[in-house]
Amino acid sequence: MSLINVTLPDGTVNEYAAGITCAEVITDALGKKHGCLAARIDGEECDLSRPIESDCSVEGILTDSDEGMYILRHSAAHLLAQAVMSIYPDAKPTIGPPVDRGFYYDFAMEPISESDLKPIQKKMQELARKNFTIERIELDEAQLKDHFSHNPYKLEIIQDKIEDGSGSTIYKQDDWYDLCLGPHVPNTSRLMNVKLTSISSAYWRGDQDREQLVRIYGLVEPSKEALRATLDRLEQAKKRDHRKLGKDLQLFHIDEEVGQGLILWTPRGSIIRQELQDFISFHLRRQGYSQVFTPHVGKLDLYRTSGHFPYYQESQYPPLVERELMKKLSDEGCTCGELSNLMKSGDIDGYMLKPMNCPHHVKIYASQMRSYRDLPLRLAEFGTVYRWEQSGEISGLTRVRGFTQDDAHLFVTEDQIAEEVLGCIELVQIIFDKLGMDDYRVRVGLRDLDSDKYVGDPERWDKAEDACRAAAESLGVNWSEEQGEAAFYGPKIDFVVKDVIGREWQLGTVQVDYNLPERFHLEYKGSDGEIHRPVMIHRAPFGSMERFCGVLIEHFAGKFPTWLTPTQCHIITIRGEHQAYATQVADALRNVGIRVEVDDSDNNIMKKIRNHRKLQPAYMVILGDDETEHRTVSLRARNGDQVSDIPLDTFIKDLRNEIDEKVTQPSLVNSPNEE
RNA sequence: GCCUGUGUAGCAUAGCUGGUAGUGCAUCGGAUUUGUAAUCCGAAGGUCGGGGGUUCGAGUCCCUCCGCAGGCUCCA
């Protein structure tokens with residue numbers, strides 16, 4: 001028998017007989033209770049049962065890593081399929097991968113409902129308890145096809161994903177097996193702590209023209225405690241959902257009768273939006289932007305030139321046709337379809353709610369002869385745009401049909417791209433820093449080198465892509481390059497954040513554009529006296545005010561920094577006779593621009609505090625005998641902490657300062673200024 | 001748009017197998033004047049998402065449309 005050397009993670013090298021399994025090596029190194037659910041041989045994931053035949057390094061995979069959790073989830077998906085098959089023998093399993101927060105499995109079967117999940121979950125636990133060994137079996141192509149002859153979906157995968165003539169593996173537990181590369185946990189007892197969470201539908205291979213499948217989602221954790229913790233966390237997360245908080249804090253309203261995805265900003269929410277807008281406007285002026293205003297509609301011709309019509313027609317509100325023309329066409333018996341064709345062909349004109357601001361800004365650029373001395377020209381507008389998002393996709397503030405972008409378009413020379421992209425990025429960073437948002441992802445979208453759908457010549461693309469990379473690098477946060485993610489007109493940098501339930505939303509974006517200057521024949525006169533074409537940069541650091549506010553509400557869980565809080569101080573009197581002083585305090589605060597609400601109702605103070613807590617003011621200002629007599633205030637923070645005897649003048653000064661400095665959270669209670 | 005759920009006063013909820021709507025908070029009126037998370041009494045508020053159907057009778061069953069939620073698909 002030959003001997004092999006196995007290197008462990010801590011660097012020790014042990015000698016074993018060839019054929020020893022990973023599990024045995026790990027048990028030897030860590031003891032029986034190692035808790036590993038899979039292994040890595042020379043960095044490659046495999047089952048614990050995998051025999052080792054030659055010198056290598058071996059390490060165990062625990063559930064404390066993403067990789068470990070993925071394996072656990074993947075195995076749970078198999079268990080789900082096994083359970084479903086035992087209850088619904090006619091169901092055909094298709095695919096069942098792990099995902100970020102759990103796992104799912106898609107089945108071709110008759111629709112089932114949420115109430116059917118319970119028995120399935122029960123079955124899963126029953127199967128888990130039986131502690132079946134999960135076995136990896138290698139099969140050749142013919143055997144594979146034979147094993148899955150009854151399941152066209154699996155056959156399709158075998159056909160497409162597995163190279164002709166080569167084999168693959170199945171994983172078997174009890175008499176159930178699935179086509180899979182693995183690795184998996186060693187036995188089903190690891191999968192006791194599962195919870196099926198929801199049911200939905202999905203298309204086979206994500207193609208809407210193909211079969212609709214039943215998708216079952218679930219969670220799995222290594223222990224009962226961990227499962228409980230995860231469920232608790234989800235429960236907690238729901239409480240900070242911006243849709244709920246938007247209602248509780250009276251920030252916005254969406255009305256059926258107004259329309260899906262159309263936001264009504266109530267007074268309190270409008271304050272937040274306005275404060276953000278003022279904040280960004282300040283930095284725009286600092287960076288040399290010019291503010292512009294443009295209308296909410298434009299002629300179809302404008303969008304024909306820009307290329308947005310009729311190409312992106314289905315994601316726009318339908319065009320507006322002039323009344324006279326409409327009447328004439330109607331008298332002539334023109335059908336809707338014919339009307340649509342006439343608009344497409346340009347035979348009749350109309351107007352469109354603007355789906356984006358760029359064409360309007362382009363026209364401002366083109367309204368004058370531009371010289372290289374004018375560049376970069378930076379045109380900024382909080383521009384409202386309208387897009388016909390699919391009804392099923394609309395959600396809260398994060399996906400809407402009318403929204404205001406903090407948009408700007410920079411018209412630059414080729415040489416200015418890098419610096420200007422950097423400037424855009426800097427703006428994003430200032431905003432994120434000030435708001436304490438550090439949980440975001442940066443995505444640099446590059447072109448797909450094999451495709452020819454991109455406009456502009458390759459050399460200029462290389463330069464622009466380098467500029468984007470360099471800008472992303474300058475942020476000092478994690479960023480990733482994604483080939484093929486560029487727009488057809490230029491590379492881009494996106495900022496992506498997650499909402500409370502783990503969905504990703506794109507916020508800010510910076511995009512280099514070679515296309516629109518071309519389509520609109522934009523020009524400038526260079527220092528060489530020749531006519532040149534500028535390059536455009538589109539950028540929106542917040543993305544849209546709606547989505548950004550939605551994300552912000554969840555980020556702060558409704559507890560905004562003082563400068564963003566709709567009503568910063570709620571003044572609460574103890575008795576009716578403190579009313580006069582309350583008015584004085586309110587006036588004094590309002591005089592320096594602080595937002596105040598006074599409650600001098602005859603409720604008792606406990607009741608008032610309870611009521612006002614719901615709106616999360618930065619401070620409650622309690623006024624009673626002591627305060628009135630000494631011209632002081634007592635403060636109550638959101639967490640219930642209190643501080644008394646603060647001279648009114650000191651409070652006003654400190655509060656004003658806290659607002660001006662945009663301090664991340666209210667800090668006057670227990671602040672260092674206090675004894 | 002598709003799938004599965006879901007829709008009762010401003011908000012949160014009760015209403016079993018069909019017999020014609022309760023409760024809490026908020027609101028309004030009165031009493032109370034209170035020192036840090038609910039003072040008492042009273043009143044008002046609902047065509048039970050819209051429309052249609054089954055039935056002697058529908059919040060409850062069926063159809064349809066709309067909204068919402070979670071997914072899918074899409075996202076300039």
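A quick word on domains before you colour anything: the bounds used here come from an automatic or database domain assignment. For chain A, that assignment gives domain 1 (3-61), domain 2 (68-236), domain 3 (284-296 + 354-555) and domain 4 (569-660). Keep in mind that you're looking at a predicted model.

**The whole chain**

Select chain A and zoom out. Its C-alpha trace spans about 90 × 75 × 60 Å along the principal axes. Show it as a cartoon and you'll have 20 helices and 35 strands to look through. Of its 675 residues, 36% count as buried. Now colour domain 1 and domain 4, whose C-alpha centres lie 66 Å apart.

**Around the RNA**

Next, pick RNA strand B and the residues around it. There are 58 of them, and Gly 206, Ser 315, Ser 391, Gly 392 and Gly 624 come nearest. Several elements give two or more residues to this surface, including strand E14 (194-203), strand E15 (212-220), helix H7 (242-248) and helix H19 (625-630). Which element gives the largest share of the surface near RNA strand B? Select H18, which supplies 7 residues. Colour the surface by residue class and you get 16 nonpolar, 25 polar and 17 charged.

**The cores**

The largest nonpolar core has 86 residues, and the members that touch the most others are Val 421, Cys 468, Ile 537, Val 585, Val 621 and Leu 623. Helix H13 (residues 417-434) gives the largest share of this core, 8 residues. Why does the core lie between domain 3 and domain 4? Because both domain 3 (284-296 + 354-555) and domain 4 (569-660) give residues to it.

Click on Cys 468: residues up to four places away in sequence aside, it touches Val 421, Val 444, Pro 491 and Ile 493. Then look for a second, separate core of 49 residues, with Leu 37, Ala 81, Val 214 and Ile 216 among its members.

Time for a sheet. Strands in a sheet pair through backbone hydrogen bonds, either parallel or antiparallel. The one to select is open, with 8 strands in the order E18-E22-E23-E30-E27-E26-E24-E25 and mixed pairing. At its edges are strand E18 (290-291) and strand E25 (479-483), each of which pairs on one side only. Zoom in on E23 and E30: they run antiparallel and are joined by 5 bridges. Leu 410 has Ile 537 in E30 as its bridge partner, and Ile 537 is also one of the residues that touch the most other members of the largest core.

**Helix H12 and Pro 359**

Last stop: helix H12 (residues 358-366). Its buried residues are Cys 358, Pro 359, His 360, His 361, Val 362 and Tyr 365.

Now centre on Pro 359. Is Pro 359 buried or exposed? Count the other C-beta atoms within 10 Å and you'll find 22, with 20 or more being the cut-off for buried, so Pro 359 is buried. Leaving aside neighbours within four places in sequence, Pro 359 is in contact with Gly 298, Leu 302, Tyr 303 and Ser 306. Draw a distance from its C-alpha to that of Gly 298, 61 residues apart along the chain, and it reads 8.9 Å.

Note on methods
Residues numbered from 1 in each chain as written. Chains lettered and ligands numbered in written order. Predicted model: local features only at pLDDT ≥ 70, side-chain atom pairs only at ≥ 80, totals over all residues. Near = placed C-beta within 6 Å. Helix = DSSP H or I, 4+ residues; strand = E, 2+ residues; numbered from the N terminus. Nonpolar A, V, L, I, M, F, W, Y, C, P; charged D, E, K, R; others polar. Core = buried A, V, L, I, M, F, W, Y, C linked by C-beta atoms within 7 Å. Buried ≥ 20, exposed ≤ 12 C-beta atoms within 10 Å, placed from the backbone. Contact = placed C-beta atoms within 7 Å. Pairing = 2+ DSSP bridges.
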